[in-house]
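Please walk me through this structure in plain terms, one part at a time.

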Amino acid sequence: MHVTRDFSHFVRSAGEGIQHIDLAVEGVHCAGCMAKIERGLSAIPDVTLARVNLTDRRVALEWKAGTLDPGRFIDRLEELGYKAYPFETESAEEAEVAESRFLLRCLGVAAFATMNVMMLSIPVWSGNVSDMLPEQRDFFHWLSALIALPAAAYAGQPFFRSAWRALSAKTTNMDVPISIGVILALGMSVVETINHAEHAYFDAAIMLLTFLLVGRFLDQNMRRRTRAVAGNLAALKAETAAKFVGPGEISQVPVAAIHPGDIVLLRPGERCAVDGAVIEGRSEIDQSLITGETLYVTAEEGTPVYAGSMNISGTLRVRVSAASEATLLAEITRLLDNALQARSRYMRLADRASRLYAPVVHATALLTILGWVIAGASWHDAIVTGVAVLIITCPCALGLAIPTVQTIASGAMFKSGVLLNSGDAIERLAEADHVIFDKTGTLTLPDLEVMNAADIPADIFELAGRLALSSHHPVAAAVAQAADAKSPIVGAVEEPGQGVRATVDGVELRLGRPSYCGAEALVGGATLDPEASVVAFSKGSEKFVLSVRQGLRPDAQAVVAALKARNIGIEILSGDREPAVKAAAHALAIPEWRAGVTPADKIARIEELKQRGAKVLMVGDGMNDAPSLAAAHVSMSPISAAHLSQATADLVFLGRPLAPVVAAIDASRKALHLMRQNLWLAIGYNVLAVPVAISGIVTPLIAAAAMSGSSILVMLNSLRARSTSREIV
Amino acid sequence: MEILVILVPLALMLGGAGLVAFLWSLRSGQYDDLDGAAWRAIADDEPPQEAPAER
């Protein structure tokens, strides 16, 4: 059968005779990788552009149309030691990128205006206490207005628009007081300039916008980055399927290009990328990613298969169905929708702060004006003082307090192998005080391990490993990996559903079912472990039994201990059978566990804990966990999780260890602590500055110093989120 | 003080040139990969054809 790879779905035209493809690349993390990849790819003739994006871990490639097959780039990267996958930018991500760029443009304009207005303000401030002529001062004020007004009109757009949206919906948000403050400050300054007054606040208004835009940009940039990560995760899953494009001819195509009704080929050892039903063939499938059940299920004509199941022994032909047709999936989707709707909209810390902020500030400004009028000041002076209160209280530091910490904390988490999927994940994770673990694939590793390798003579084990290289069966793959086998045995024959055999030096070697190797008698002792699959190896008349199972993650015990040390409750809810769950719970010393739990039961348990006031962190990977991941206060998934679960989880962690779970909790707690501290700093600043403003002695110089001082203080404090300890215990 | 008539517009023009340069660099994608840019500054500029054998 002829197999081709078809990447045309991902290739787009980039102008005159040039084609473009984006690849997500695994394992790019330093300048060395970057140079190596760019050099390696540029060396291919007709490549016109090969550029690595280290932030997003992607490579952009362009070449002369029709001269190259994109598959060649992937092969070349493979040679260089990197796995690469074609990539399609989602429209949501493009929107985030556009917004990010717009904010950066606004920031550039605002920063330019601030610097130039400041250049004109400083002569006025020093001139006011020396020998400046009023005409010169007016000239400088008019020049400032000439720069500040158009710049504010442009750079203020993000705030004005958002404030307008809020007001049209008859609500309020942080941008309403910001917009009012900026517009009033500019308006008052123009009036004061016309009246030849000593003070104008153009510099304060535009500086305020600059600082706020820094906070806004950091916030947006984090959102963009989480989107990019989510996009990469989807691409790294490398979801392609072998689709029949003609009788006996198949092509490896991306899942996005597969439609219901298509027929795909599922070979042994392959993970199914689509939902559908078997139309031909007979095999066993591993559905642990779907149901948490570790025992294999028999698949024959008519059996439904779901994306994420692993085909074990035979070759299957699968007719693709639309997702909603599959009954199991429909049930999970229904539960997931309910859970997502019920998820009470979490009030972010910034929103809570701004809800208090606006009324307090506006009331203070109003009272200041009334107070001065009652005390006998003119309306003009009273209003000038009131506006000064608005300017000095404008939430510079408040706007920076949270995004700066989030940016730095998410960077630190990224380094320890945790990716954020949602913006408020850090705040919610910091509050978690109870962890529910799924067992299969979460506490245990998704790949199989040989449990009794130590009991088998090393030379025999190596021979078994070399023989195993000739089979696609996942158990065989586990044996080959455990034995670190490199050279397959020549002339090995695979008998589907039975095993592999070969003859070496006149001795027959067999690896496979115990019956295939004539080793049934030995099996009794090895099946004590309820989760293990048994595979036998025979060399002539010598027989051995290997017990293969999913092992616990290497540091699972340390992580459980670390969580206990942090006073976090732990329990296991698994869809797997009781003996298997019990064994894992025992090994980890977790007294609270339940086996055979359905997705609906998991949600019920989470609700029960919620009633008691617990904030639940759900850690799971299976499709059956997706609804409970959405129902929990906050959720995490390993990178190996089912697609649906990963998209639902707030955080995703990489690699084999479980330690990122604890690292993420620690980092988020520290970040929340710093966010609160920053808010208090901002409040403390206001407590000091507001009386000065009310008393009417604020000059533009004091306003500028106070605003930049408090903002810089908050930014410096945020930098402390960078140092997260690597030690988890 | 007449010198201001030259100095002030000159200063604004310089600032404006800075702004135009920033907008140009933004448009040409120079802010798309800040992590990578940080490393590129210290990378050796070897022409691609000199790609060395595996070290």
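**A walk through chain A**

Arg57(A) sits in the loop that links strand 4 and strand 5 of chain A; helices (H or I, at least four residues) and strands (E, at least two) are DSSP runs, numbered from the N terminus. This is a predicted model, in which local features need pLDDT of at least 70, side-chain atom pairs count only at pLDDT 80 or more, and totals for chains, interfaces and linings use all residues. Residues are numbered from 1 along each chain as its sequence is written, while chains are lettered from A and ligands numbered from 1 in the order in which they are written.

Although Arg57(A) is not a glycine, its phi is positive, about 55 degrees. Most residues other than glycine have a negative phi. Arg57(A) has 23 other C-beta atoms within 10 Å and is therefore buried (20 or more other C-beta atoms within 10 Å of its own; exposed means 12 or fewer, partly exposed in between, with C-beta atoms placed from the backbone). Asp505(A), also not a glycine, has a positive phi of about 50 degrees. Asp505(A) belongs to the loop between strand 20 (499–504) and strand 21 (507–512) of chain A. Asp505(A) is exposed, because 5 other C-beta atoms lie within 10 Å.

As a whole, chain A contains 25 helices and 28 strands. Its C-alpha trace spans about 110 × 65 × 45 Å along its principal axes. Of the 729 residues in chain A, 48% are buried. Two residues are in contact if their C-beta atoms, placed from the backbone, lie within 7 Å. Among contacts in chain A between residues at least 6 apart in sequence, 68% join residues at least 24 apart.

Helix 1 (residues 31–42) of chain A has 12 residues, and its first and last C-alpha atoms are 16 Å apart, close to the 16 Å expected at 1.5 Å a residue (1.5 Å times one less than the number of residues). Met34(A), Lys36(A), Ile37(A) and Leu41(A) are buried in this helix. The buried residues of helix 1 of chain A pack against strand 4 (47–53), strand 5 (58–64) and helix 2 (71–80) of chain A, and also against helix 2 (34–40) of chain B.

What does each chain bring to the contact between chain A and chain B? Chain A gives 21 residues and chain B gives 19 residues. On the side of chain A that touches chain B, helix 1, strand 4 and helix 3 (91–128) of chain A each supply at least two residues. Helix 3 of chain A gives the most to that side, with nine residues. By class, that side has 12 nonpolar, six polar and three charged residues (Ala, Val, Leu, Ile, Met, Phe, Trp, Tyr, Cys and Pro count as nonpolar, Asp, Glu, Lys and Arg as charged, and the others, Gly among them, as polar).

Further along are helix 10 (residues 349–374) and helix 11 (residues 379–393) of chain A, whose axes come within 8 Å and cross at roughly 155 degrees. Axes are lines fitted to C-alpha atoms, for helices over the stretch in contact, and angles run from 0 to 180 degrees between N-to-C directions. Helix 10 and helix 11 of chain A are therefore roughly antiparallel (over 145 degrees; under 35 is roughly parallel, 65 to 115 roughly perpendicular and the rest oblique). The residues of their contact divide into 10 nonpolar, five polar and one charged.
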